[in-house]
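This briefing goes through selected backbone, sheet and helix-packing features of one model. The items are grouped by topic.

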Amino acid sequence: MNNNRELLVEVKNLQTYFFLDEGTVHAVDGVDFNIHRGETLGVVGESGCGKSVTARSILNIVPKPGKTVGGEILYHRKVKGVEQTIDLTQMEPQSSEMRSIRGAEIAMVFQEPMTSLSPVHTIGNQIGEAIRLHQGLDQAAARELAIEMLDLVGMPLPDRTIDEYAHQLSGGMRQRAMIAMALSCHPSLLIADEPTTALDVTTEAQILKLMRQLQDELGMAIMYITHNLGVIAQMTENVVVMYMGKVVEQAEVDTLFYDPQHPYTRALLQSIPRLGQKTARRGAGQRRLASIRGMVPDPYALPKGCPFHPRCSEMVAGQCDQTEPQMIEVAPGHKVRCLACTGV
Amino acid sequence: MMTIPEPQDNDLRNSPVMAEAEACPPPIDEMEPLEVLGVEPVLAQEEERLYVAGQWQLMWWKFRKHKMAIMGGIILIVFYVIGAFCEFVAPYDPEAYFIRYKMAPPTPVRIFDTMGKLHTPFIYHRDRSKDPETLRDIYAENPETRYPLRFFVKGEPYKLWGLFATETHLFGLAPDVEDQAVFLLGADRMGRDLFSRLCYGARLSLSIGLVGVFLSLALGIVLGGISGYYGGRVDTIIQRVIEFIRTIPTIPLWMALSAALPADWPVIKMYFGITIILSLVGWTGMARVVRGRFLSLRQDDFVLAARLCGSSEMRIILRHMVPSFLSHIIASLTLSIPGQILGETGLSYLGLGLRAPAISWGVLLQEAQNVRSLILAPWLLFGPAVCVVLTVFAYNFLGDGLRDAADPYAR
Amino acid sequence: MLGYILRRIGMMIPTLIVVSMLSFIIIQLPPGDYLTSYAATLRATGDAVDEAELESLRQRYGLGQPIYVQYYKWMSGILLRGDWGQSMEWRKPVKELIWEKMALTVFLSLVAISVSWFIAIPVGVFSATHQYSIPDYIFSAISFIGAGTPGFMIALVVMLVAMRQLGLNVGGLFSEEYILAPWSWAKFVDMLKHLWIPVIVIAFESTAGSIRTTRANVLDELNKPYVETARAKGVKERKLVWKYPVRVAMNPFFSTVGWTLANLIGGQTLVAVVLGLQTNGPMMLRALRSQDMYLAGSFLFLVSVLTVIGTLISDVLLAWVDPRIRMEG
């Protein structure tokens, strides 16, 4: 499916570590994946698996004490018809070139729109800031464009809401405003970090629909980060599953749901409650919701070998707790990092 | 829209994926709480201690890490001990004067003599002479005669705390030495030893802060607690009163109230008068804090739980609510003591607080105020000033440490 | 918004009434009155005390009457005629004596606050954005010392140092010849020359406190998500620090301006006494000591009024500057 599309971003062996007093946390520890132009890539995993840090590494805004210490992020840029490949990890976060990419060519939408928008500036001011910064328009023109963007994202009465503050809007409207802000400069990649997690289901459906629509209209790629497999099924074409800073499985979305290989992926899929499933009922035949036993390990005390093995139902003693598995392609476009699945 | 693949039947146990999974774990009610989470039930010994430690234990451990707070605490303990035992620590009676040593600079205490030999601490004989041109006093050391410093030496008789008669002082010159004196921090314009006076001053200055703050605390907790717990009209009235009191700026209010105390009151009466004045203004701060806490705690779930269990109101207040903010109260207390100490010092310095013959650091500062003496004898100013500043800093550090230790949300 | 202001002003009036009563009562607390202490002073120096004269003075100043009558007379004088009473010690109307002192106090406080903010805000922002760096530690140490050391101690030390090292007599706001002279440009210039030491002393403590508050507030906001959003938009770091977290952090800060000002006005008393400034403090001290009733009472009342006004300004500013509060009215 990706054969006829160009590569947009190549993440190769990305390593982002956090240097804390208590020790070093390997938040992203050798992550590889690619994003093609116009593609929707889903990144799925538990809290703390490193998906948000990956996103921030791409944008080069990893907060201190974090730092990208290894790997490459190759961005294939098309500026005025000229093609250019830049390694984003090599750029100074504050350099004007990096800042011109950030917000204009690669943009991000965050999880909690209430706290992600400034409480003391109007949304018009905040959207306008991005426009004026990257497109050099003057105040009036920027305002016009901002109203257009708000209209595009389905904001009711955009010429009024443009002068309102974040706390005056509902959750769905705030998220629309954030999307408008991110898309105002027509980026080629939109990174959405759990954009609907804080919204109710109905609003979530609307926002998801909006995002698909915009993608069709504007032709941008979306990197969709979430822990919600339902959304993955709905929105994405390819999926990357992460655990403890590493990619454990990568496949097209259909393949992932019908033929999951990695025990972690399988456990994730099993833990989705299904309609009609019999759960806790007294008497014979009582069932419990399946969950992955154990907890995410302490980041300072990673287990030897495969990091998932203490919780894994298919662990092979002697192998999984000794050797770290490598990423192996088990089928075209389907990669797994697991010793039990791929054999040693 | 993609759908998640449906299993063949409703029983997950038969689904192809589950078929390879391990056997189902036992039902929840048969498992140990920690087992449900999959965590090994055996904790390391260290972690075990952490989990069962009481509230105060945890506070103490956290407090210990705060080096500055410990230092502040040590300084304060030293000061308070000196204040408590001032008659013992001070080498001389605070009113005893040495006419020949008016405004004498501090006596240098040495351990090496002019030949470089090591001795126990001693002082050289000092002669006073007048400079013929400026008519100023010059104190010259005469290396011929050495007077060793004695510890636990016999000196002027006194009664410790007015009860125990004794003559032993912590240090001083041998009793047979005539006409020489060891002024660790110099002498004032009447020839009185400043160090001794500072020790005696510590007693009054340090204790006023404590007494005043406890009075404020009592008032503040009672009134603030009532206000916060009962709410409604009582709350409104008390809040209004607090507002009125806070409207008048502190220092002018203190000044005005202190001026109301007759100048001829005995020291004890004056002491308590000042304490009451200081606490009359201070309680408002404490009341507000207590009220705020009560208001928020009143709604908290654990109070509701206690009430549902049938606890009486008093029991709820004392056993449930008070311990939860006690630690904060202690921290606030410690941070408000310096304010009161400074208040007394300031008032005495202005002549409105304690007056001679009472000795407090503020009174000593008052005596140092004369400009001429400042130039000639700056130690008269620095002695009490440094004492006050050190005390204030020590309390601030201590209070910071206590506050950090008491905060359950700090890392 | 306007409703909010009007309501606050409305609540202010009963407060002021009570405060005026409190001030008067407090002044009257010491036993006796001006004349008794005056007589005591006379006796102490061995002068003769003429009872008849005392009695006539007592009549003239209305000192023998019950307290509420005296209060009523005083208050009605202020409200109806702008007459704040007569100072018995100085034999002049209180108004004359007070206004110059008050004006100087307020002026000095304004200058001190401006200086302290001018220094504290940039330093605080720098400290917050460069946390744990060496300059941050130095600033923290300085502000800790400044916040902990009481103002009048700093004043004493400054005076001492100035005197010993610089040989200056730095007391007072004016040189000898200008103290009692009427206002002129030359007098103003002379005051400016003397101003810097009192400003340093007074501003020191408040600067230290402001640095710590600014640093803490900015630090709080610096890690909030909206700052990250701005960064993800590609805004320059320095610009986004000042536009977003500082702007939010300054809300509580600016709103305290009224309160800080009021605090300064009242709290300067001690420093003023030490430095011998011609502001409120020394005069009020003297009035209290000699029980110069109207003078002391007027001072106390006026300072309280300024505090109330200052608090009002603070509340209004906070509401105006923070749209979240403004909207709810």
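Predicted model: local features only at pLDDT ≥ 70, side-chain atom pairs only at ≥ 80, totals over all residues.

## Overview

Of the 329 residues in chain C, 41% count as buried.

**Chain C as a whole**

- Chain C contains 14 helices and two strands.
- Taking the contacts in chain C between residues at least 6 apart in sequence, 74% link residues at least 24 apart.

**The open sheet of chain A**

- In chain A, eight strands make up an open sheet with mixed pairing, and their order is 6-7-8-3-9-10-12-11.
- The edges are held by strand 6 (106-109) and strand 11 (328-331) of chain A; each has a single partner strand, so one side of each has no neighbour in the sheet.
- From one strand to the next, the twist averages 20°.

**Strand 10 of chain A and its two partners**

- Strand 9 (residues 238-243) and strand 10 of chain A run antiparallel and are joined by six bridges.
- These two strands form a hairpin with two residues between them. Met244(A), in the turn, has a positive phi of about 50°.
- Strand 10 (residues 246-252) of chain A is also joined to strand 12 (residues 334-336) of chain A, by two bridges, and this pair runs antiparallel.
- Gln250(A) can be followed across both pairings: Val240(A) stands opposite Gln250(A) of strand 10, and in strand 12 of chain A the bridge partner of Gln250(A) is Lys335(A).
- Six of the seven residues of strand 10 of chain A are buried, so this strand is largely enclosed by the rest of the structure.

**Backbone exceptions in chain A**

- Most residues other than glycine have a negative phi, and most peptide bonds are trans. The next items depart from that pattern.
- The peptide bond between Lys64(A) and Pro65(A) is cis, with omega of about 5°. Pro65(A) sits in the loop between helix 1 (51-59) and strand 4 (66-79) of chain A.
- Asn60(A) is not a glycine, yet has a positive phi of about 65°. Asn60(A) also lies in the loop between helix 1 and strand 4 of chain A.
- Is Asn60(A) buried or exposed? Asn60(A) has 23 C-beta neighbours inside 10 Å and therefore counts as buried, the cut-off being 20 or more.
- Leu157(A) is not a glycine either, and has a positive phi of about 50°. Leu157(A) is in the loop between helix 5 (139-152) and helix 6 (158-161) of chain A.
- Leu157(A) has 10 other C-beta atoms within 10 Å and is therefore exposed, the cut-off being 12 or fewer.

**Helix 9 of chain B against helix 10 of chain B**

- The axes of helix 9 and helix 10 (residues 267-298) of chain B come within 10 Å, and they cross at roughly 150°. The two helices are therefore roughly antiparallel to each other, since angles over 145 degrees count as such.
- The crossing of helix 9 and helix 10 of chain B is right-handed.
- Helix 9 of chain B contributes Thr250(B), Leu253(B), Trp254(B), Leu257(B) and Ser258(B) to this contact, and helix 10 of chain B contributes Ile274(B), Ile277(B) and Val281(B).
- By class, the residues of this contact are six nonpolar, two polar and no charged.

**Helix 9 of chain B against helix 12 of chain C**

- Helix 9 (residues 250-259) of chain B also packs on helix 12 (residues 280-289) of chain C, at an angle of about 20° and with the axes 9 Å apart. These two helices are therefore roughly parallel to each other.
- The crossing of helix 9 of chain B and helix 12 of chain C is right-handed.
- The residues in contact are Pro252(B), Met255(B), Ala256(B) and Ala259(B) from helix 9 of chain B, with Met284(C), Leu285(C), Leu288(C) and Arg289(C) from helix 12 of chain C.
- This contact has seven nonpolar, no polar and one charged residues.

**The side of chain B that touches chain C**

- In total, 27 residues of chain B are in contact with 35 residues of chain C.
- Helix 8 (232-247), helix 9, helix 12 (313-350), helix 14 (371-376) and helix 15 (379-406) of chain B each supply at least two residues of the side that touches chain C.
- That side of chain B has 22 nonpolar residues, four polar and one charged.

Note on methods:
Residues numbered from 1 in each chain as written. Chains lettered and ligands numbered in written order. Axes fitted to C-alpha atoms, helices over the stretch in contact; angles between N-to-C directions. Helix = DSSP H or I, 4+ residues; strand = E, 2+ residues; numbered from the N terminus. Parallel < 35°, antiparallel > 145°, perpendicular 65-115°, else oblique. Left-handed = near helix turned anticlockwise from the far one by under 90°. Contact = placed C-beta atoms within 7 Å. Nonpolar A, V, L, I, M, F, W, Y, C, P; charged D, E, K, R; others polar. Pairing = 2+ DSSP bridges.
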